[in-house]
Amino acid sequence: MEIEKNERINSLFEFYQPLLTEKQNQYLELYYADDFSLGEIAENFHVSRQAVYDNIKRTEKILEDYEAKLHLDAEFQVRNKQADEIQRYVKQHYPNDRQLNELVGHLENLEEE
């Protein structure tokens with residue numbers, strides 16, 4: 001469960017990071033990406049552990065609210081799944097069509113950019 005939550009927040013963070021404040025960005029980056037503890041973050045920012053916890057929880061809610069309104073992550077997941085299915089189909093049915101395989105590969109790369 002914890003890993004799934006971390007993946008979810010990191011995914012939402014990738015899409016909505018520019019909409020967050022500098023402090024929200026820093027706290028989430030340290031907590032989720034760099035695996036800092038609440039205490040370590042609190043020490044770095046000279047605030048209480050509770051202040052860090054509250055900020056992270058508020059920011060998680062903000063990210064979920066953005067996703068509920070904009071659906072960027074959900075739409076990305078659907079497109080990615082569809083692109084994977086296309087790639088599997090092309091490799092299975094047209095393995096020797098170099099141009100088609102390159103086009104599908106390019107499609108995959110677009111999703112990752």
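The following legends describe close-up views of a predicted model. Residues are numbered from 1 along each chain as its sequence is written, and side-chain values use heavy atoms, with hydrogens and water left out. In this predicted model, local features need pLDDT of at least 70 and side-chain atom pairs count only at pLDDT 80 or more, whereas totals for chains, interfaces and linings use all residues.

View 1. Helix H4 comprises residues 49-70; helices (H or I, at least four residues) are DSSP runs, numbered from the N terminus. Its 22 residues should span 32 Å at 1.5 Å a residue, and the end C-alpha atoms are 31 Å apart, which agrees; the expected span is 1.5 Å times one less than the number of residues. Val 52, Asn 55, Ile 56, Thr 59, Glu 60, Leu 63 and Glu 67 of H4 are buried. They cover an arc of only 140° around the axis, which puts them on the same side of H4; the arc is that of the directions from the helix axis to the C-beta atoms. Arg 58, Lys 61, Ala 68 and Lys 69, on the other side of H4, are exposed. Here buried means under 20% relative accessible area, exposed over 50%, and partly exposed in between, with a 1.4 Å probe and protein chains only. An α-helix has 3.6 residues a turn, so residues three or four places apart point the same way. The cover over the buried residues of H4 includes helix H1 (2-16), helix H2 (22-33), helix H3 (38-45) and helix H5 (72-93).

**View 2. The largest nonpolar core.** A nonpolar core is a set of buried Ala, Val, Leu, Ile, Met, Phe, Trp, Tyr and Cys residues joined through side-chain atoms within 4.5 Å. The largest one has 15 residues, of which Leu 28, Ile 41, Val 52, Ile 56 and Leu 63 touch the most other members. H1, H2, H3 and H4 are the elements that give two or more residues to this core. Not counting residues up to four places away in sequence, Leu 28 touches Phe 13, Leu 20, Ala 33, Ile 56, Thr 59 and Leu 63; contact means heavy atoms within 4.5 Å.

**View 3. The packing of H2 on H4.** These two helices pack at an angle of about 100°, with their axes 10 Å apart. Axes are lines fitted to C-alpha atoms, for helices over the stretch in contact, and angles run from 0 to 180 degrees between N-to-C directions. H2 and H4 are therefore roughly perpendicular to each other; that term covers angles of 65 to 115 degrees, while those under 35 count as roughly parallel, those over 145 as roughly antiparallel and the rest as oblique. From H2, the contact is made by Lys 23, Gln 24, Tyr 27, Leu 28, Tyr 31 and Tyr 32. H4 supplies Val 52, Asn 55, Ile 56, Thr 59, Glu 60, Ile 62 and Leu 63.

View 4. Thr 59 is found in helix H4 and is buried, with a relative accessible area of 0%. Leaving aside neighbours within four places in sequence, Thr 59 is in contact with Leu 20, Gln 24 and Leu 28. Ile 62 also has its place in helix H4, but at 27% relative accessibility counts as partly exposed. Ile 62 touches Leu 20 and Gln 24, not counting residues up to four places away in sequence. Ile 62 and Ile 86 are 24 residues apart in sequence and 34 Å apart in space, C-alpha to C-alpha.

**View 5. The packing of H3 on H4.** H3 and H4 pack at an angle of about 110°, with their axes 8 Å apart. That makes H3 roughly perpendicular to H4. Leu 38, Gly 39, Ile 41 and Ala 42 in H3 meet Arg 49, Val 52, Tyr 53 and Ile 56 in H4. Of these H3 residues, Leu 38, Ile 41 and Ala 42 are buried. Seen down the axis of H3, the buried residues fall within an arc of 100°, so they line one face of the helix.

**View 6. Residues with positive phi.** Most residues other than glycine have a negative phi. Asp 35, in the loop between H2 and H3, has a positive phi near 60° and is exposed at 66% relative accessibility. His 46, in the loop between H3 and H4, has a positive phi near 55° and is exposed, with a relative accessible area of 73%. Just after H4, His 71 takes a positive phi of about 60°.
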